[in-house]
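Trainee: Could you walk me through how this one is packed inside? I'd like to start with the helices.
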Amino acid sequence: MTLDFLVCAALFVGVVAYAVFGGADFGSGFFDLTAGGARRGAELRTLVDHSIGPVWEANHVWLIYVLVIWWTGFPATFAAAMTTLIVPMLLALLGIVLRGASFAFRKYAGTLRQARLFGIIFALSSFLTPFFLGAVAGAVASGRVPVDGYGDVWTSWLNPTSIFGGLIAVGTCAFLAGTFLTADAERSGHPGLADVLRQRTLLVGLGTGAIVFIALVPLLDDAPTLTHGLLDHGAVLIVISAVAGAATIWLLWRRRYVTARVTAVTAVLAVLVGWGIGQYPWLLVDQVRIADAGGPPATMVGLLIVVALAGVIVLPALIYLLRLTQSEAWSHADKSGTVDRTS
């Protein structure tokens, strides 16, 4: 096992973590947007604020981690991707900034009109950010990022693989968020809201599944290397993802919300790991392999040390934060935001 492979594996762990934790965070924007008017949607929007409020900034730790590992460990491929995919990367960054700002400002809006405006910005940026990040992944996976960089700034991400990658990313985020929000609503004593979220999440899950099957047709021609990898050494994980996704639908239908969270995360993890295995050994598909893209050995060793230190310093805090927000005490915090430590 080479240093390049180990560093790439550490990079991919960050991608998976951001997709799962950040995905559940971004997907809440769909349910905020479709909550209804100010009065009808107040209960759902309060739940969204309560559920993602403590973690929406923490999740971006994974994005920073991925970018730092990528540009330090594989600088030439990072430069190639940034010079080619500058448009979707900038739009994703704009979405991240607008989303965070509008989410915070909505809490302190002076009028209902201002609150609605910030709410719309929050919801739209929650759609756009995962779409453009999915488009970037599609561009890399379809071999449209030349190793020397400066590829076509438009056709590199305006293509079938990138468009479907963006749509699947948006649908996956909404499905994850819906599953978690439904469980949160039930646990916090809002069965009526949980049922509304359950119905919408089922529709999102079925819609996302349909998009995935439709995407298989153009991907065969548009991203042949990735498709071959998925159908060959990534096939088992793709099957696991499909089974876990179907199980999540069934569990939501049967109102087994806690278990549904486990299968939903399993489905997303399996498809992401399947994508990574299907793309192996390429870092930029059809352009440069992982073994040929790494920086100097001293740099790669230093990165692995930093990754180990980050695991010791950062992970315990993140685990504690996630555990706290999934606790009964947090679910029954009173309206002032005070957590009831006695429950």
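Mentor: Before we compare any helices, note that axes here are lines fitted to C-alpha atoms over the stretch in contact, and angles run from 0 to 180 degrees between N-to-C directions. Bear in mind too that this is a predicted model.

Trainee: OK, so at what angle do α8 and α12 pack?
Mentor: Helix α8 (residues 160-187) and helix α12 (residues 257-279) pack at about 160°, and their axes lie 9 Å apart. Angles over 145 degrees count as roughly antiparallel, so α8 is roughly antiparallel to α12. Their crossing is left-handed.

Trainee: Which residues meet there?
Mentor: From α8 they include Thr172, Leu176, Phe180 and Arg187, while the α12 side consists of Tyr257, Ala260, Arg261, Ala264, Val265 and Val268. By class, that contact has eight nonpolar, three polar and four charged residues.

Trainee: And α9 with α11, how do their axes cross?
Mentor: The axes of α9 (residues 191-222) and α11 (residues 235-253) cross at roughly 160° and come within 10 Å, and the two helices are therefore roughly antiparallel to each other. Arg198, Thr201, Leu202, Gly205 and Leu206 of α9 make the contact with Ile249, Leu252 and Trp253 of α11.

Trainee: Switching topic, how many residues are in the largest nonpolar core?
Mentor: That core has 42 residues, and those with the most contacts inside it are Trp70, Phe74, Leu85 and Val145. Helix α1 (residues 3-26) gives the largest share of this core, with seven residues. Another core lies apart from it, with 24 residues, among them Leu181, Leu202, Leu251 and Leu252.

Trainee: What does Phe74 touch?
Mentor: Leaving aside neighbours within four places in sequence, Phe74 is in contact with residues including Asp4, Val7, Leu11, Leu283, Ile290 and Met300.

Conventions:
Residues are numbered from 1 along each chain as its sequence is written. This is a predicted model: local features need pLDDT of at least 70, side-chain atom pairs count only at pLDDT 80 or more; totals for chains, interfaces and linings use all residues. Side-chain values use heavy atoms; hydrogens and water are left out. A nonpolar core is a set of buried Ala, Val, Leu, Ile, Met, Phe, Trp, Tyr and Cys residues joined through side-chain atoms within 4.5 Å. Buried means under 20% relative accessible area, exposed over 50%, partly exposed in between (1.4 Å probe, protein chains only). Helices (H or I, at least four residues) and strands (E, at least two) are DSSP runs, numbered from the N terminus. Contact means heavy atoms within 4.5 Å. Angles under 35 degrees count as roughly parallel, over 145 as roughly antiparallel, 65 to 115 as roughly perpendicular and the rest as oblique. A crossing is left-handed if the near helix is turned anticlockwise from the far one by less than a right angle, and right-handed if clockwise. Ala, Val, Leu, Ile, Met, Phe, Trp, Tyr, Cys and Pro count as nonpolar, Asp, Glu, Lys and Arg as charged, and the others, Gly among them, as polar.
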